[in-house]
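User: I would like to work through this model by way of questions and answers, beginning with the chains and their contact and then turning to the sheets and helices.

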Amino acid sequence: MGAESSPKIAIVDESPIRAAILEEGLREAGFTDVVRISEMQSLLSRIYALDPDVIVIDLENPSRDILEQMFQVSRAVRRPIAMFVDQSDAASIQASVDAGVSAYIVDGLKKERLKPILDLCISRFNAFSKLQDELDRAKSALEDRKVIERAKGILMKLKGLTEDEAYVLLRSTAMREKKKIGEIAQSILTASELLK
Amino acid sequence: MTKPLHIGFIPLIDAAALIVAVDKGFTAAEGLDVTLVREVSWSNVRDKLNIGLFDAAHLLAPVAIASSLGLGHIKVPIVAPFNLGLNGNAITVSPALHAAMMAELDGDRFDPMATALALRRVVAARRKNGVEPLTFGMTFPFSTHNYQLRFWMAAGGVDPDEDVRLVVLPPPYMVDSIASGQIDGFCVGAPWNSIAVDRGVGQILHFGSDILARAAEKVLAIRQGWSAKNPELVAALVRAASRAAEFVEQEQSQPEVARILARPEYVGVDADVILRTLQGRLKISQDGTIRESSRYLLLGREGAPWPDPVQAAWLYAQMVRWGQATISAEALQIAKAVFRPDLYDAALGRNGKFKDAPHAVGAFAGPAFDADDIVGHLAAFRIGRWNP
């Protein structure tokens with residue numbers, strides 16, 4: 001690899017969406033030589049065939065241990081790699097483990113060239129988890145709304161209330177008991193199941 | 001209750017003492033508030049322990065030593081005040097390799113020297129016929145599995161770096177990989193050997209205890225700095241793990257232990273397979289042949305939990321033999337100091353080595369291990385990547 005050319009980066013990730021987000025980020029930052037690996041079967045031979053300079057892997061991936069083998073000098077390993085760490089770099093490990101990503105550097109690439117790549121991966125991984133959290137929250141909000149609708153229906157039927165009155169009753173009960181409206185609604189559904 | 005502790009583990013049977021200690025409330029009885037965190041790779045366990053996301057972990061004994069020596073990774077001193085298990089591994093080969101080896105076997109099929117020599121003949125025949133070298137899976141470069149496989153085949157004259165391929169595979173991938181023919185055999189801990197046999201894709205060739213009578217497998221690993229600052233917490237953890245290890249070994253409690261471990265948040269495999277493992281009764285081939293050994297897996301018996309520095313020295317000697325570490329008296333001292341019988345003894349109010357504990361290593365080949373003369377010991381082995 002010449003000093004001017006873009007290092008070849010392999011992204012090992014079973015989540016295609018996250019891998020795509022990462023690839024896009026790397027390309028925007030000018031790293032044009034990016035390959036995604038989402039299939040873990042014979043990972044080592046795939047990596048040898050690609051011969052990347054940098055390997056990025058998510059920490060939920062059991063195959064991370066396979067990469068650790070490439071630190072070793074043996075017949076099975078052609079070009080030794082190292083994890084992007086050294087004694088002075090505890091902060092980088094902390095940040096990458098927190099974000100859920102790890103990067104390996106293949107023999108020959110200068111460490112300072114990896115730093116911007118790792119930083120970018122960390123920020124993209126963090127962005128992805130934030131997205132995932134928002135998605136989860138949106139999903140549970142939707143669930144809550146469905147439960148509240150059903151609880152309102154039960155109150156309207158049992159107590160002869162209008163929809164607005166049923167909602168006010170739910171809300172005031174929630175405030176009094178210091179609970180979420182969704183939780184009160186859920187307990188109404190549970191109670192009505194039991195009393196059927 | 002003390003501050004909350006996070007302890008990482010890999011879903012394997014030898015995490016039993018930790019899992020049972022928490023699940024049966026033994027840690028709570030010691031005033032500890034422990035959350036177990038299931039992990040997917042040894043690299044993750046090591047890194048999360050190193051940077052302090054975990055206070056303690058179920059860890060491969062050689063990884064604790066490698067981390068203390070700074071091999072392959074940043075140097076973080078680790079101590080092991082409790083040995084979570086001795087032995088428990090097995091070597092499984094594909095039915096095809098098993099048949100080829102049995103055809104070449106001269107001697108008892110449970111004699112590791114006889115099988116290693118048979119492997120050598122199979123390897124030679126393949127080379128002569130221009131067939132690809134055999135590939136064996138193991139779980140981590142710094143693992144007893146790696147060293148057991150290497151020790152075994154090298155004793156028969158097979159060079160593990162030249163004559164075959166050794167590849168790292170996560171334990172849950174072993175069975176699929178042997179089924180698909182990507183590997184011809186593997187050395188892994190329970191329950192994966194049994195699962196390969198149950199699926200008809202592997203035959204258990206050897207128990208790890210055929211190769212080494214007593215081999216330190218997983219330890220309760222703690223950062224040295226944390227351990228020095230929190231001696232009461234370490235002692236409480238050791239006591240809870242010790243109580244659990246004894247519970248796990250009681251015949252009447254084993255069905256319950258198997259049910260606990262079988263739960264998806266722990267090991268997540270069939271309780272019957274786990275029970276057979278705890279009893280040291282393994283189905284070794286698809287025809288239902290059962291092989292029993294009281295030495296297959298030692299969790300709370302025969303002084304197994306006592307972290308023996310001689311074990312640490314043997315593991316370090318393997319790192320030297322296979323070119324992972326250079327030899328020095330200082331490194332040997334660091335390796336031995338990872339295993340801390342003093343912390344174990346202090347926590348349990350006892351003193352010194354277990355009287356009923358037999359020889360520390362007990363390898364099937366070569367001279368008896370001498371922790372004070374690693375150079376002399378290694379000189380007895382012809383095959384190795386070691387430059388004296």
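The questions and answers below concern a predicted model.

User: How compact is chain B, judged by its radius of gyration against the globule rule?

Analyst: Chain B contains 18 helices and 13 strands, and its C-alpha trace spans about 65 × 45 × 35 Å along the principal axes. For 388 residues the globule rule gives 21 Å, and the radius of gyration of chain B is close to that value, so chain B is as compact as a globular protein of that length, with a radius of gyration of 20 Å.

User: Which elements of chain A give two or more residues to the side that touches chain B?

Analyst: The contact between the chains involves 25 residues of chain A and 29 residues of chain B. Two or more residues on the chain A side of this contact come from each of the elements α3 (64-68) and α4 (90-99) of chain A.

User: How many nonpolar residues does that side of chain A have?

Analyst: Sorted by class, the side of chain A that touches chain B includes five charged and eight polar residues. The nonpolar residues on that side number 12.

User: What handedness does the β-α-β unit of chain A have?

Analyst: Strand β1 (residues 9-12) and strand β2 (residues 34-37) of chain A are parallel and share four bridges, with A10(A) opposite V35(A) of β2(A). Together with helix α1 (residues 16-28) of chain A, these strands make a β-α-β unit that is right-handed.

User: Which strands stand at the edges of the six-stranded open sheet of chain B, and why is one side of each without a neighbour?

Analyst: The strand order in this sheet of mixed pairing is β2-β1-β3-β10-β4-β13 (chain B). A strand at an edge has a single partner strand, so one side of it is left without a neighbour in the sheet, and this holds for β2 (33-38) and β13 (297-298) of chain B.

User: Which helix packs on the five-stranded open sheet of chain B, touching β6 and β8?

Analyst: This sheet, also of mixed pairing, has the order β7-β6-β8-β5-β9 (chain B), and β7 (165-168) and β9 (203-207) of chain B stand at its edges. The twist from one strand to the next averages 25 degrees. The helix packs with its direction at about 155 degrees to that of β8(B), touches both β6 and β8 (185-189) of chain B, and is α8 (residues 171-179) of chain B.

User: Is A313(B) buried or exposed?

Analyst: A313(B) belongs to helix α15 (residues 309-321) of chain B, and beyond four places away in sequence it touches L332(B), A335(B), K336(B), A371(B) and I374(B). The cut-off for burial is 20 or more other C-beta atoms within 10 Å. Because A313(B) has 23 C-beta neighbours inside 10 Å, it counts as buried.

Notes. Residues are numbered from 1 along each chain as its sequence is written. Chains are lettered from A and ligands numbered from 1 in the order in which they are written. This is a predicted model: local features need pLDDT of at least 70, side-chain atom pairs count only at pLDDT 80 or more; totals for chains, interfaces and linings use all residues. Two residues are in contact if their C-beta atoms, placed from the backbone, lie within 7 Å. Ala, Val, Leu, Ile, Met, Phe, Trp, Tyr, Cys and Pro count as nonpolar, Asp, Glu, Lys and Arg as charged, and the others, Gly among them, as polar. Two strands pair if DSSP finds at least two bridges between them. The radius of gyration is taken over C-alpha atoms; the globule rule is 2.2 Å times the number of residues to the power 0.38. A residue is buried if 20 or more other C-beta atoms lie within 10 Å of its own, exposed if 12 or fewer, and partly exposed in between; C-beta atoms are placed from the backbone. A crossover is right-handed if, with the strands pointing away from the viewer, the path from the first strand over the helix to the second runs clockwise. Axes are lines fitted to C-alpha atoms, for helices over the stretch in contact, and angles run from 0 to 180 degrees between N-to-C directions.
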